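Dear colleague,

Please find the structure below, together with its sequence. A short account of what was found follows it.

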Amino acid sequence: MAAAAEEGEGVRLLGGRMSPFTMRARMALALRGVEYELVEEALHPRKSGRLLAANPAYGRIPVLLLPGGRAVCESAVIAQYVDDAWGGAGAGAAILPVDPYERAMHRFWTAYIDDKFWPALDAISLAPTPEARATATASTRAALKLLEEAFAARSNGGAFFSGGGGAASPGLLDVALGCFLPALWACESLNGLRLLDDDATPLLRAWSARLAATPAAMAVMPETEEVVAFTRFLQTKFGVAGSK
Amino acid sequence: MEKQENGGEAPELKLFGSWASSYTHRVQLALRLKALEFVYAEEDLGNKSEALLRLNPVHKKVPVLVHRGRPLAESVIILQYLDDAWPESRPLLPSDPFDRALARFWCHFADDKLGPAVGAAELREGAFKGRRFFGGDQVGLLDVVLGCGSYWLAVFEEVTGVRLVDADAFPLFHAWLRDFEAQEEVKETIPSVDRLLEYARGLRQMLLALAAGAGAGAAAAAGSSPVTAAVDAPAPAAPPAAPQAAAVDI
């Protein structure tokens, strides 16, 4: 079922090393053992014609470019595509669970992460005022609390969101949330916060260390100091008062 | 396909919804396309039931589908669940991985950018590629997602007196919508035009009254309608705020 690459034309991913959404796509590719070329897209001062042509609807990274020129956009869609297209005999572990209800739960919480969790986390460091920062922090904590409960329900005693029963491999929800860990750790460092701690989110705290230690994560996660520096750059760019 | 809830054991499939909600219609239509029996519970969105709040604590919205006691929320996620749980009955998603990715992407884009009331006519014009539906010869996932909401077009054109999507300029879109609405399962699902008209008129009255009461600021704050933002048509005289409010789960 794996798409055969043309001679000299392989799978490419348009993305950025600091982008959590790019990380999500890259972790999915790593889990399925797909060889690909990361094409780093500089988004400033302007987006490339290549990116805008590949993703005319949104003009954003990541974009998975297949041999022959077809493109898949949106990191959650890419992760599911990678799961579908590179499944079959000899493939790496499945990204989506087998059980239909678990699949729905992975998709549901992935959407929640993108719609509610990430915007709140992103807003902490880029908040224009201390009040806005406090609000964003509270929203992030509330989201993490729900995700902690989701982990308890989905993991079924196992190491990852992908469940117990011997599953020792991350699934969609693991990479959907895991891709934000570098940004979360950088946010903690920059703002003197504890977002994942043993009181409010003990399960997620333990999970985060396990996920970060997987080969898929180690291949793509930048060092926290790099993300801190990148966040400071964004703060300057957007005229936000730097975190103490 | 719907049956009255009996006093005995819990039904296998129960849908909590709202009669005017496009999101609810998506699930009802999908259940009918797959010939799945279900019990329907109408929710008063101004006074949500304890059951709904318990079943969807995260978003507190309809539709919620309960299957064997386990709740599912978010219409597109429910639709994909139906395919996963009943793979042998009339698949909504295509079988090719890339086509599946395309369907998922456009569903995400439609809900993200266009709102449920109507999709961009250019989207449909461009994507048909000579087929009758997005799903090919048969109604598929993207047809359900975009179609359940497109019927509001005629309603709002009627209520506002503004031609939003010109049939001459977008012939493929109109042909697609006509074919979609001709499906038996769609006819069973979409409320009558009269009911929709009454609902839309009432909503418009309410919004106009609110805008008049609060001054020009409120009308501006109501926001640009996804209909006017997304549709490449002559700009309407007054942005219809009603479509967005009518079609969004509250």
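**Strand pairing and crossover in chain A**

Gly15(A) stands opposite Glu40(A) in S2(A). Strands here are DSSP runs of E with at least two residues, helices are runs of H or I with at least four, and both are numbered from the N terminus. The chain crosses from S1(A) through H1(A) to S2(A) in a right-handed β-α-β crossover; right-handed means that, with the strands pointing away from the viewer, the path from the first strand over the helix to the second runs clockwise. S1(A) (residues 11-15) and S2(A) (residues 36-40) run parallel and are joined by five bridges, where pairing requires at least two DSSP bridges.

The model is predicted: local features need pLDDT of at least 70, side-chain atom pairs count only at pLDDT 80 or more, and totals for chains, interfaces and linings use all residues. Residues are numbered from 1 along each chain as its sequence is written, chains are lettered from A and ligands numbered from 1 in the order written, and side-chain values use heavy atoms, without hydrogens and water.

**Helix H1(A)**

H1(A) is largely enclosed by the rest of the structure, because 10 of its 12 residues are buried (under 20% relative accessible area, with a 1.4 Å probe and protein chains only). Among them are Met23(A), Arg24(A) and Leu31(A). Just after H1(A), Gly33(A) takes a positive phi of about 65°.

**Arg100(B)**

Arg100(B) lies in helix H4 (residues 97-114) of chain B and is buried, at 15% relative accessible area. Leaving aside residues up to four places away in sequence, Arg100(B) touches Asp84(A), Leu93(B), Pro94(B) and Ser95(B), contact meaning heavy atoms within 4.5 Å.

Yours sincerely

Technical notes
Buried < 20%, exposed > 50% of the residue type's maximum accessible area, 1.4 Å probe, protein only.
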